[in-house]
Amino acid sequence: MKSRITLLLIATVLTLSFSCKNANQPTSYGGPVDEKVAVPAAEAKNLLTDKPEATATLAGKVNEVCQAEGCWFNLDQGSGVALLVRMPEHSFTVPKDLSGKQVVVAGRLHYDTTDVATLREYAKEDGKSEEEINAINEPFVELVLEASGVKIQ
């Protein structure tokens, strides 16, 4: 009986020590991400000065995450500006509790335009008034990263 208790205690200690060691390692989703080439998210638009799109690896803090599936998140670019990060065709998702965490994201950076009809539909879904919906009369252009991989720091 004493040997069983000793074995159980040793197994418990080993399990806890391995789980603590792994808890500090970054967690990755999707494809590989090379942290060594990452630039701050605040510099993302500088990567598109002379071309419509670029392969990029960006580092920054997550502001907001899709709470339905974890299929998109906003990366802080500073000064209240956010970069939308999407997982193309829902190829992978990230944890819904990612807000506030530092990440490195690799993928295709480009500008995306949302037309007026879609913006009005979003406003309607958000419960906006008719007046607010009708006030939307210009498309919305934003910087987007179609992520191939995400690494949580």
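Select the lining of the largest pocket: its residues divide into 9 nonpolar, 2 polar and 3 charged. Here Ala, Val, Leu, Ile, Met, Phe, Trp, Tyr, Cys and Pro count as nonpolar, Asp, Glu, Lys and Arg as charged, and the others, Gly among them, as polar. The model is predicted, with local features requiring pLDDT of at least 70 and side-chain atom pairs pLDDT 80 or more, while totals for chains, interfaces and linings use all residues. Residues are numbered from 1 along each chain as its sequence is written, and side-chain values use heavy atoms, without hydrogens or water.

Next, centre the view on L84, R86, T114, Y122 and E142, which lie nearest the centre of this pocket among its 14 lining residues. Two or more lining residues come from each of β4 (72–76), β5 (82–86), β6 (102–114), α2 and β7 (140–152). The largest contribution, 4 residues, is that of β7.

Of its 24 residues, F73, L75, L83, V85, V103, V105 and L109 touch the most other members. At least two core residues are supplied by each of β3 (53–65), β4, β5, β6 and β7.

Leaving aside residues up to four places away in sequence, V85 touches C71, W72, F73, L75, V105, L145 and A147, contact being heavy atoms within 4.5 Å.

Finally, move to helix α2 (residues 116–125), where D115 caps the N-terminal end with a side-chain oxygen 3.1 Å from the backbone nitrogen of A117. Just after α2, G127 adopts a positive phi of about 80°.

Conventions. Polar contact = N/O pair within 3.5 Å; in protein donor to acceptor, adjacent residues only side chain to side chain. 1 Å grid on protein atoms, 1.4 Å probe; cavity = no way out; pocket = protein on both sides within 12 Å on 5 of 7 lines; lining within 4 Å. Core = buried A, V, L, I, M, F, W, Y, C linked by side-chain atoms within 4.5 Å. Buried < 20%, exposed > 50% of the residue type's maximum accessible area, 1.4 Å probe, protein only.
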